[in-house]
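Please examine the sequence and the structure shown here before reading on. The explanation that comes after them is meant to be read with both in view.

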Amino acid sequence: MKAMHYIGLSVLTVLATVCSGCADTGIVTESGGIYGTVTDFATGEPVMDAAVQLRPGGETTLTGSDGRYEFIDLDRGDYSITVSKAEYTDLVDDYVITVDTKMMRRDVQIKKIPAYLQVVDNDLNPITFLDFGTDATSMQFVIFNSGPVSLECEIVHSCAWISDITEVSNPIASGATCPVVITIDRSRLAAGVNTDYVHVTSNNGNKQIEISAVGKTVIPEVVTLPVTNTDGSVTPWCNTFHAEIAKVGNPPYYQRGFCFSDINDMPAEDDNCVTVSGTEGNTYSYTYWDFPPVTARYYVRAWLKYGDGQIVYGNVQSFVYNDVL
């Protein structure tokens, strides 16, 4: 029984030694190796398809989607690694990894190469936003090439209220700048804050510039013209109303018509009102056929509806409808 007891203690001692090695330096294998993960320096996210090369020996492997790499069955000795990946700075890791019979872990981070394309102000400070406010019609940003080779750029936008924008037709040399002027048509702005984007694309980096402008609220205006007969003449049987749009407004009017009365000299929506379809053109008319068979003086006003249902009226025109039998 004592012999068995001593054998049990010996086995436990060996197991304790093996487990201690796992916890302190790595995973025990018949031959040693190196493993680890490659992550982005700025974000800490795993970097996939980074090439990890072993020194010495030159053996190379690619990281998986989890950023992991490994080299197995290595001879005992001292190693280090290098890491390369498109759009990242090459990493030459000088940390010495001593391999014997264990898998040794070495995690590294790599830094992205800044895009050569930079969008800046006149003082070369990075910008992402241009605010035209309530009055400006032109503003400028600058493309700066911070890289060692020429940049080929293109300006892309779909903003309806941009009337003109500088085209970048020639490559921008290393260290050079190219001013880009944006001109807007304020008459195309909707009332309130208008926001859109300008995209700068290049062979080394892309940027997006947000642009903003405040459109002023403009109340529409309408002028009531003299009442005529259907052929445009003025006779005792005048029954055709006319109006002219002086301002479409911002937001633009969406409904139009006339109000008239033989009692109220400032006719409004509580009197006789008619709607004229459409919003096109600068003028509109309406012929009214249902005047009662009496002679009476009438008052008429054109009106426009805009915004949340507000109504703006034009001036008053007076006419006498004379029913001559």
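Predicted model: local features only at pLDDT ≥ 70, side-chain atom pairs only at ≥ 80, totals over all residues.

Residues are numbered from 1 along each chain as its sequence is written, and side-chain values use heavy atoms, with hydrogens and water left out.

The secondary structure of the protein chain consists of 1 helix and 25 strands. Here helices (H or I, at least four residues) and strands (E, at least two) are DSSP runs, numbered from the N terminus. Of the 325 residues in the protein chain, 34% count as buried. A residue is called buried under 20% relative accessible area, exposed over 50%, and partly exposed in between, for a 1.4 Å probe and protein chains only. A contact means heavy atoms within 4.5 Å. Among the contacts in the protein chain with a separation of 6 or more, 61% come from residues 24 or more positions apart.

The structure contains 7 salt bridges, a salt bridge being a side-chain nitrogen of Lys or Arg within 4 Å of a carboxyl oxygen of Asp or Glu. One of them joins the side chains of Arg55 and Asp94, at 3.8 Å from N to O. Arg55 belongs to strand β3 (residues 51-55), while Asp94 sits in the loop between β7 (91-92) and β8 (97-99), so this pair ties together parts that are 39 residues apart in sequence. Arg55 is partly exposed at 29% relative accessibility, whereas Asp94 is exposed at 61%. Another salt bridge is formed by the side chains of Arg68 and Glu70, with 3.6 Å from N to O. Arg68 has a relative accessibility of 35% and is partly exposed; Glu70 is partly exposed as well, at 38%. The side chains of Asp107 and Arg105 also meet in a salt bridge, at 3.0 Å from N to O. Asp107 is partly exposed at 36%, and Arg105 is partly exposed at 49%.

How many disulfides does the count come to? There is 1 disulfide, where a disulfide is a pair of cysteine sulfur atoms within 2.5 Å. Cys259 and Cys273 form it, with their sulfur atoms 2.1 Å apart. The torsion about the S-S bond of Cys259 and Cys273 is about 100 degrees, so the disulfide is right-handed. This pair links distant parts of the chain, since Cys259 is in strand β21 (residues 255-261) and Cys273 in strand β22 (residues 272-276), 14 residues apart. Cys259 is buried at 1% relative accessible area, but Cys273 is partly exposed at 34%. Cys178, by contrast, is in no disulfide; the nearest cysteine sulfur, that of Cys153, is 7.4 Å away. Cys178 counts as buried at 16% relative accessibility.

The largest pocket holds about 170 Å³ of space. Its lining includes Glu87, Lys112, Tyr116 and Asn203. On a 1 Å grid over the protein atoms alone, a pocket is an open set of points where a 1.4 Å probe fits, with protein on both sides within 12 Å along at least five of seven lines, and lining residues have an atom within 4 Å of a point. The volume is the space filled by probe spheres set on the points, which are joined across faces, edges and corners. The lining residues divide into 4 nonpolar, 3 polar and 2 charged. In this grouping, Ala, Val, Leu, Ile, Met, Phe, Trp, Tyr, Cys and Pro are nonpolar, Asp, Glu, Lys and Arg are charged, and the others, Gly among them, are polar.
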